[in-house]
Amino acid sequence: MNRREFLMQGGAGLTALTYGNLSAMPGFFKDSRMGIVVHSYGNRWNSKAGSKQYPAFTNAIDLLRHCHEIQAGGIQVVVRNWAADFVKNIRNEREKLDLFIEGSIVLPKKPEDVAAFEADVLAAREAGAQIVRTVCLGPRRYETFHSLAEFKTFQQNAISSLQWAEPVLKKHRIKLAIENHKDYRATELVDTLKKIDSEWVGVTLDFGNSIALIEDPMEVVKTLAPYAFTTHVKDMGVAEYKDGFLLSEVPLGKGILDLKTIVKICKQHNPAIKFNLEMITRDPLDIPCLKPEYWSSFEQVSGAELAKVLHLVKNSSYPTPLPKTSGLTAEEKLEAEEKNIISCLDYSKSNLGLI
């Protein structure tokens, strides 16, 4: 057991001894309502549509106010170069509306970036965040790397970034949660965490992303939940296509994920974990796993794993064509986005106990 695992298990044990079964104590935590990830509003964020029904969100305060109106619990939003007066306004608004906030920040790519990273961490903390989410790779692995050597270089660069970031997190006592962002497979992300070995660095557990990397979603949850500080809640629809399969976020309860079990596992490992909806309204993603170039950056993925995912796709395909936004007007996209989010919030309250 390394230092990080000892601290996590020790903390969980102390909580259990002190408070017993927290899940049986309604209201113990201030708020269990599901939050909203800013990317759920990819169409509305800085929209140029000029919609009266769905006016653009131009900053975190707009998003906070709207999430309060739709009875979400909080937001996870990008923090970048926030001025001191803006941070103060966000904090005041958040406290007035009684919502939580998590930041989403960029890791330092070189030592000279650490000062900007620290400024964003401080801004997030002053706004009221205890957790900041990040990614080690913005694009998708299978679209970015054309050799295993390229991926290995990325891994080493990511470790360097985290090593520069970790002292800042420790100094300001704020947790960094790395998302499984169609880059690391679950065991690769755990290996990275073990190399950093810090109680301040953990996981944003995305429920569906890793299907794109030919991983069983429940195995991903079981592997990453012990390290999870926060989540991206989503359900996934799948369908076959000639080069592999299509993958799409769909309203909660409409897809292939066992959401109740996933939420239960997350709570077992971290009773205080936040659940944040990432319902992205867009065209399905192509996962071209039957093309040789898809596999250029992978190693040790078995045929059995591929067969399991393809079997899942074949036997659990979406009952209708997967939803698409191409061909919709800007107003129609905004309407579809809002309906999807409201549907997910309703499902979370009635089926997942996130109220």
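Student: How do strands β2 and β3 pair, and over how many bridges?

Tutor: This is a predicted model. In it, strand β2 (residues 74-78) and strand β3 (residues 100-104) pair in the parallel sense. Five bridges link β2 and β3.

Student: Which residue stands opposite V77?

Tutor: G103 in β3 stands opposite V77.

Student: Where do side chains point along a strand?

Tutor: In a regular strand they alternate between the two faces of the sheet.

Student: What is the strand order of the open sheet?

Tutor: Read across the sheet, strand by strand. The order is β7-β6-β5-β4-β3-β2-β1-β10. That makes eight strands, with parallel pairing.

Student: Which strands stand at the edges?

Tutor: β7 (228-232) and β10 (276-277) do. Each has a single partner strand, so one side of each lacks a neighbour in the sheet.

Student: How do β8 and β9 run?

Tutor: Strand β8 and strand β9 (residues 244-250) run antiparallel, joined by seven bridges. G237 stands opposite S248 in β9. Between β8 and β9 there is a hairpin, which connects them through two residues.

Student: Is β8 mostly covered or mostly open?

Tutor: Count its buried residues. Strand β8 (residues 235-241) is mostly covered, with five of its seven residues buried.

Student: Now helices. At what angle do the axes of α2 and α3 cross?

Tutor: Compare the two axes. Those of helix α2 (residues 60-69) and helix α3 (residues 84-97) cross at roughly 5°. They come within 10 Å. Angles under 35 degrees count as roughly parallel. So α2 is roughly parallel to α3.

Student: Which residues make the contact?

Tutor: From α2, they are A60, I61, L64, R65 and H68. From α3, they are F86, N89, I90, E93, R94 and L97.

Student: How many of the residues in that contact are nonpolar, polar and charged?

Tutor: Between α2 and α3, six contact residues are nonpolar, two are polar and three are charged.

Student: How many disulfides does the structure hold?

Tutor: Look at the distance between cysteine sulfurs. A disulfide needs two of them within 2.5 Å. This structure holds zero disulfides. For C136, the nearest cysteine sulfur is that of C266, 19 Å away. For C344, the nearest is that of C67, 13 Å away.

Student: Is C136 buried or exposed?

Tutor: Buried means under 20% relative accessible area. C136 has 9% relative accessibility, so C136 counts as buried.

Student: What is the relative accessible area of C344?

Tutor: C344 has 0%, and is buried.

Definitions and conventions. Residues are numbered from 1 along each chain as its sequence is written. This is a predicted model: local features need pLDDT of at least 70, side-chain atom pairs count only at pLDDT 80 or more; totals for chains, interfaces and linings use all residues. Side-chain values use heavy atoms; hydrogens and water are left out. Buried means under 20% relative accessible area, exposed over 50%, partly exposed in between (1.4 Å probe, protein chains only). Axes are lines fitted to C-alpha atoms, for helices over the stretch in contact, and angles run from 0 to 180 degrees between N-to-C directions. Helices (H or I, at least four residues) and strands (E, at least two) are DSSP runs, numbered from the N terminus. Angles under 35 degrees count as roughly parallel, over 145 as roughly antiparallel, 65 to 115 as roughly perpendicular and the rest as oblique. Contact means heavy atoms within 4.5 Å. Ala, Val, Leu, Ile, Met, Phe, Trp, Tyr, Cys and Pro count as nonpolar, Asp, Glu, Lys and Arg as charged, and the others, Gly among them, as polar. Two strands pair if DSSP finds at least two bridges between them.
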